[in-house]
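Here is a short briefing for a first look at a protein model. Keep the sequence and the structure in view as you read.

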Amino acid sequence: MTDEHTRAHLLKTASYEAAPEDVHRVLLLYSGGLDTSVMLKWIQDEYDAEVVTLTVNLGQPGEDYSVVEGKARQLGAVESFLVDAREEFAHEYVVPAIKANAIYGLGYPLFTALGRPLIAKLAVQYARRSGCDTIAHGCTGKGNDQVRIEATVATLAPELKIIAPVRGWQMGRDEEVAYARENGIPVKGGSEVAPYSIDDNLWGRSSEGRWIEDLDHAPDDDVFQLVTRPEEAPDEPETVTLEFERGVPVALNGERLEIVELLERVGEIGARHGVGIVDHIEDRIVGLKVRDIYEVPAAAIILPAHAELEKLVGTIHQNQFKPALDRQWAYLVYAGLWWEPLRGDLDAYMDSVNAQVTGTIGMKLYKGSARVVTRESPNAVYDEALASFGASGGLFSQQASPGFIELWSLQSRMAWRLRNG
Ligand code: ARG
């Protein structure tokens, strides 16, 4: 590395960024991957500081946390914490997202965006508990995650400083691998093509980088590590039922499950049937437009089921109104403003509507599709006798319809005549 490379991080733009003299003991958000492993060593050398690591389990499939912890110690961490936050993530972050039918940009169910404020909140707790003055994360300067993490830390802990070495050090992957080799940091793989950039938790998985940046390149098969490609999925469809209570999924196929297990089980079934592949163009909050490949099997089943049930129990007016608030909720969360009071205000509305969202939805899964096939709710604003084409009577008089139409269309007819009459 040149001097220019190593010194770029000393420039400070925001009040919460650490100056070198502020940094004595750092809490590093540690994944065990290349960036944060290089960082673990680099921070010790560059700042002459102690490093405490925090690794958060949000249900990343197949992660071996004892390996991550061992690596942290081996690279000189003075303390290493591992927190299983799956319950809190599911109850306090994913459930509100379900109640808000949360999708950003028509396709992204926000799994990363939901995870970051929790990870950053835990970073604040563990930094305070272990006497750290600074929090370090491995986000680049081009993504949304830096916004989510730093906005959280700056909101919850104004006394803590932040460093984001990847943003400043300007090492490419090759230089990082070289640095790792020089410093005895184990590197998975090696100098062959850079891997996809992956982020995942129990609500989904994203891949970025490599050919994904070429918009004209249809997905290569090897990107799909979670969801079976639809063409390989079983030839037999499978119908699952999801039961909700007050907007919260509580049972799968009649079996009551704790929320984490339910999300995992729905995800497994969906993945087997090729459900939840999204090839997404996305407007990042920092201005860039990018492409992500998402694998979101649980969300691709649960969100449509929830929306269907909500539609069944809501009135026409509620059903017309809520999507605008849903969209605002998703946008706030995407944009890193989890702690913004408007999100709490919106949640109060979501909870109010969801008080009625109890019932069961059947979803038929087949080679990549998940389709609603059955609905049942004690709160459905639905009366089969009224809806059928048969006899009129009771609350609905067909004789009243012409009068309704005359009044309903009155202003529109008058306006039309003014323009065309
Ligand atoms: N585009 C998504 C988001 O902004 C996923 C980001 C994945 N994060 C990552 N560090 N690879 O939330």
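Helices (H or I, at least four residues) and strands (E, at least two) are DSSP runs, numbered from the N terminus. Leu 288 sits in the loop between strand S11 (277-283) and S12. This is a predicted model, in which local features need pLDDT of at least 70 and side-chain atom pairs count only at pLDDT 80 or more, while totals for chains, interfaces and linings use all residues. Residues are numbered from 1 along each chain as its sequence is written, and side-chain values use heavy atoms, with hydrogens and water left out.

**The ligand and its shell**

- The ligand is surrounded by 14 residues. A residue counts as near if one of its heavy atoms lies within 4 Å of the molecule.
- The closest are Tyr 108, Asn 144, Arg 148, Glu 282 and Tyr 294.
- By class, the shell has three nonpolar, four polar and seven charged residues. Here Ala, Val, Leu, Ile, Met, Phe, Trp, Tyr, Cys and Pro count as nonpolar, Asp, Glu, Lys and Arg as charged, and the others, Gly among them, as polar.
- Tyr 108 places a polar side-chain atom 2.5 Å from an oxygen atom of the ligand. A polar contact is a pair of N or O atoms within 3.5 Å; within protein, one must be able to donate a hydrogen and the other to accept it, and residues adjacent in sequence count only if both atoms are side-chain atoms.
- An N or O atom in the side chain of Asp 145 is 3.0 Å from a nitrogen atom of the ligand.
- Tyr 294 also has a polar side-chain atom 3.0 Å from a ligand nitrogen.
- The protein covers 88% of the 340 Å² of accessible area that the ligand has on its own. Areas come from the Shrake-Rupley method with a 1.4 Å probe; for residues, only the protein chains shown count as cover.
- Helix H5 (111-129), helix H6 (145-156), strand S6 (197-201), strand S7 (204-208) and strand S12 (289-295) each give two or more residues to this shell.

- Asp 145 is found in helix H6. At 18% relative accessibility, Asp 145 is buried. Buried means under 20% relative accessible area, exposed over 50%, and partly exposed in between (1.4 Å probe, protein chains only).
- Arg 116 and Asp 145 form a salt bridge at 3.1 Å, N to O. That term means a side-chain nitrogen of Lys or Arg within 4 Å of a carboxyl oxygen of Asp or Glu.
- Arg 116 lies in helix H5 and Asp 145 in helix H6, so the pair ties together parts 29 residues apart in sequence.
- The side chains of Asp 145 and Arg 148 make a polar contact at 2.7 Å.
- A network of salt bridges links Arg 116, Asp 145, Arg 148 and Asp 199.

**Salt bridges elsewhere**

- The structure holds 31 salt bridges.
- In one of them, Lys 99 pairs with Asp 351, with the closest N and O atoms 2.9 Å apart. Lys 99 is in helix H4 (residues 86-99) and Asp 351 in helix H12 (residues 341-354), 252 residues apart.
- Lys 99 is buried at 14%, whereas Asp 351 is partly exposed at 41%.
- Glu 308 and Arg 375 also meet in a salt bridge, at 2.6 Å, N to O.
- Glu 308 is buried at 15% relative accessibility, and Arg 375 is partly exposed at 43%.
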